Amino acid sequence: MTEISQEPSELIDRVSLLERVEGDRELLTEMIHLFQEDAPKLLTAMRDALQLGDMAVLERSAHSLKGAVSNLSAKATAAAALQLENDAKNKDVESAKKSLVEVERAVKHLLPALAELCQGVPK
């Protein structure tokens with residue numbers, strides 16, 4: 001299981017992230033705002049899918065989250081989402097429950113770090 005006990009500044013590979021957007025802080029802020037809107041919806045979809053036993057939807061939702069956080073260079077959160085995706089693919093409900101808790105924890109820690117990156121950038 002992925003350990004998410006890092007400082008907020010360590011949750012994101014800032015160098016990689018700024019390279020990804022070619023230093024465009026406004027584009028970065030737009031990407032972060034889209035993630036801030038989508039993440040709660042994806043987490044809800046994952047919780048609902050797990051509760052209903054719909055491992056295909058859980059796998060797709062975890063895959064979507066993994067892609068989104070990978071685009072934000074949030075490696076630990078991406079690793080947690082990958083674990084959940086794999087659990088869903090393997091139809092391992094008990095492991096998926098634990099992995100979902102870890103994904104939720106990772107996203108909870110990631111959001112303030114992302115918000116910090118948006119400070120001082122015009123909307």
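**Salt bridges, core and surface of the predicted model**

Glu104 has a relative accessibility of 23% and counts as partly exposed; buried means under 20% relative accessible area, exposed over 50%, and partly exposed in between, with a 1.4 Å probe and protein chains only. The model is predicted, and local features need pLDDT of at least 70, side-chain atom pairs count only at pLDDT 80 or more, while totals for chains, interfaces and linings use all residues. Residues are numbered from 1 along each chain as its sequence is written, and side-chain values use heavy atoms, with hydrogens and water left out.

Side chains of opposite charge can pair when their charged atoms come close. A salt bridge is a side-chain nitrogen of Lys or Arg within 4 Å of a carboxyl oxygen of Asp or Glu. The whole structure contains 6 salt bridges by this search. In one of them, Glu104 pairs with Arg47, and the closest N and O atoms are 2.5 Å apart. Glu104 lies in helix α5 and Arg47 in helix α2, so this pair ties together parts that are 57 residues apart in sequence. Helices are DSSP runs (H or I, at least four residues), numbered from the N terminus. Arg47 is partly exposed, at 36% relative accessibility.

Helix α5 (residues 93-118) also holds Glu116. The side chain of Glu116 meets that of Arg14 in a salt bridge, at 3.1 Å from N to O. Because Arg14 lies in helix α1 and Glu116 in helix α5, the pair ties together parts that are 102 residues apart in sequence. Glu116 is partly exposed at 37% relative accessibility, and Arg14 is partly exposed at 26%.

A further salt bridge joins Lys75 and Asp13, with 3.3 Å between the closest N and O atoms. Lys75 belongs to helix α4 (residues 75-89) and Asp13 to the segment before α1, so parts that are 62 residues apart in sequence are tied together by the pair. Lys75 is exposed, with 58% relative accessibility, whereas Asp13 is partly exposed, with 28%.

A nonpolar core is a set of buried Ala, Val, Leu, Ile, Met, Phe, Trp, Tyr and Cys residues joined through side-chain atoms within 4.5 Å. The largest such core has 35 residues, of which Met46, Leu58 and Leu65 touch the most other members. At least two residues of this core come from each of α2, α3 (55-71), α4 and α5. The most are given by α5, with 10 residues.

Arg60 lies in α3 and is exposed, with a relative accessible area of 53%. The C-alpha atoms of Arg60 and Met46 are separated by 8.9 Å, and the two residues are 14 residues apart along the chain. Val57 and Glu85 are 28 residues apart in sequence, and their C-alpha atoms are 9.9 Å apart in space.

Glu22 sits in the loop between α1 (14-20) and α2 (25-52). Glu22 is exposed, and its relative accessible area is 75%.
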